[in-house]
Amino acid sequence: EITRRNVGSMILGTGLGFLLIAGILVVALRSPRMGLISLVPNVLPAAMAFGVWAWLVQDIGFAVSVVAGLSIGIIVDDTVHFLAKYTYARREKWMDAPDAVRYAFRTVGTAILGTTFIVAVGFAMLGLSTFRVTSYMGLLTSLTVATALFIDFLLLPTLLLAFDRKKTESPETSGNLTRVAKAAA
């Protein structure tokens, strides 16, 4: 009964957390489109990891129920860094979507890869515990974080290229050079 109630509460709390994070990203990135796009790479890793876990281990217990809430910060952090650099490249450097994706990979790709690898390996070490709750929690968190990395590197750029086709024009080509010069002065 405790596990069932805990799982239900964690699903509700995590879902609410993801929606609040998407709302914050809408405000921070000044784009409802980016907020909606951010939902996919933030929600999908936990869903995929739970699916793989249910298929392989077939035991969704107390330890597993806390993983989505536990890993949400790590998953969102990678997505936020990538989207922030992508948005910066689109708005401030006037890059088109493919160039902005490449810019995001160049500027934060290595950092995302390194931190995610370290966190995933660290949580995987908990899998060596003889206490099953700790072991399952560590292994599933590691799986979730690793899945998030693949989604951030493969699916997120694809989503950005598919849904952010708006042409970005520099001030020189859009006739806004005078306005930019006045703003700078």
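This is a predicted model: local features need pLDDT of at least 70, side-chain atom pairs count only at pLDDT 80 or more; totals for chains, interfaces and linings use all residues.
Let me begin with one crossing: helix H2 passes helix H4 in a right-handed crossing, where right-handed means that the near helix is turned clockwise from the far one by less than a right angle, and left-handed that it is turned anticlockwise. Helices here are DSSP runs of H or I with at least four residues, strands are runs of E with at least two, and both are numbered from the N terminus.

Residues are numbered from 1 along each chain as its sequence is written, and side-chain values use heavy atoms, with hydrogens and water left out.

Now the overall picture. The protein has 8 helices and 0 strands, and from the N terminus on its elements run α-α-α-α-α-α-α-α. Of its 185 residues, 38% count as buried, where buried means under 20% relative accessible area, exposed means over 50%, and partly exposed is in between, with a 1.4 Å probe and protein chains only. Among contacts between residues at least 6 apart in sequence, 70% join residues at least 24 apart; contact means heavy atoms within 4.5 Å.

Back to the helix pairs. Two packed helices are described by the angle between their axes and the distance between the axes. For H2, residues 32–56, and H4, the axes come within 9 Å and cross at roughly 145 degrees, the axes being lines fitted to C-alpha atoms, for helices over the stretch in contact, with angles running from 0 to 180 degrees between N-to-C directions. On the H2 side the residues that meet H4 include Met34, Pro41, Pro45 and Phe50, and on the H4 side they include Val67, Ile75, Leu83 and Tyr86. The residues of this contact divide into 11 nonpolar, 4 polar and no charged, where Ala, Val, Leu, Ile, Met, Phe, Trp, Tyr, Cys and Pro count as nonpolar, Asp, Glu, Lys and Arg as charged, and the others, Gly among them, as polar.

How do H4 and H6 pack? Helix H4, residues 67–91, and helix H6, residues 132–163, pack at an angle of about 25 degrees with their axes 10 Å apart, and they are therefore roughly parallel to each other; angles under 35 degrees count as roughly parallel, over 145 as roughly antiparallel, 65 to 115 as roughly perpendicular and the rest as oblique. H4 passes H6 in a right-handed crossing, and the contact includes Leu70, Ile74, Asp78 and Phe82 of H4 with Leu140, Thr144, Ala148 and Asp152 of H6. The residues of that contact divide into 14 nonpolar, 4 polar and 2 charged.

At 1% relative accessibility Thr144 counts as buried, and, leaving aside its neighbours within four places in sequence, Thr144 is in contact with Pro45, Ala46, Ala49, Val67, Ser71 and Ile75. Also in helix H6 is Ser142, which is buried with a relative accessible area of 11%; with the neighbours within four places in sequence again left aside, Ser142 is in contact with Ala120, Phe123 and Ala124.

That brings us to H5, which has a kink of about 55 degrees centred on Val108; the bend at a residue is the angle between axes fitted to the seven residues ending there and the seven starting there. Among the buried residues of H5 are Val108, Gly109, Ala120 and Phe123, and what covers the buried residues of H5 includes H4 and H6.

Which residue in helix H4 is our next stop? The residue is Arg90, which counts as buried at 6% relative accessibility, and the C-alpha atoms of Arg90 and Val101, 11 residues apart along the chain, are separated by 9.2 Å.

Finally, the loops. Gly127 is found in the loop between H5, residues 97–125, and H6, and Gly127 is buried, with a relative accessible area of 18%. Arg30, in the loop between helix H1, residues 2–29, and H2, has a positive phi of about 55 degrees although it is not a glycine, and at 59% relative accessibility Arg30 counts as exposed. Trp94, in the loop between H4 and H5, also has a positive phi of about 55 degrees without being a glycine, but at 38% relative accessibility Trp94 counts as partly exposed.
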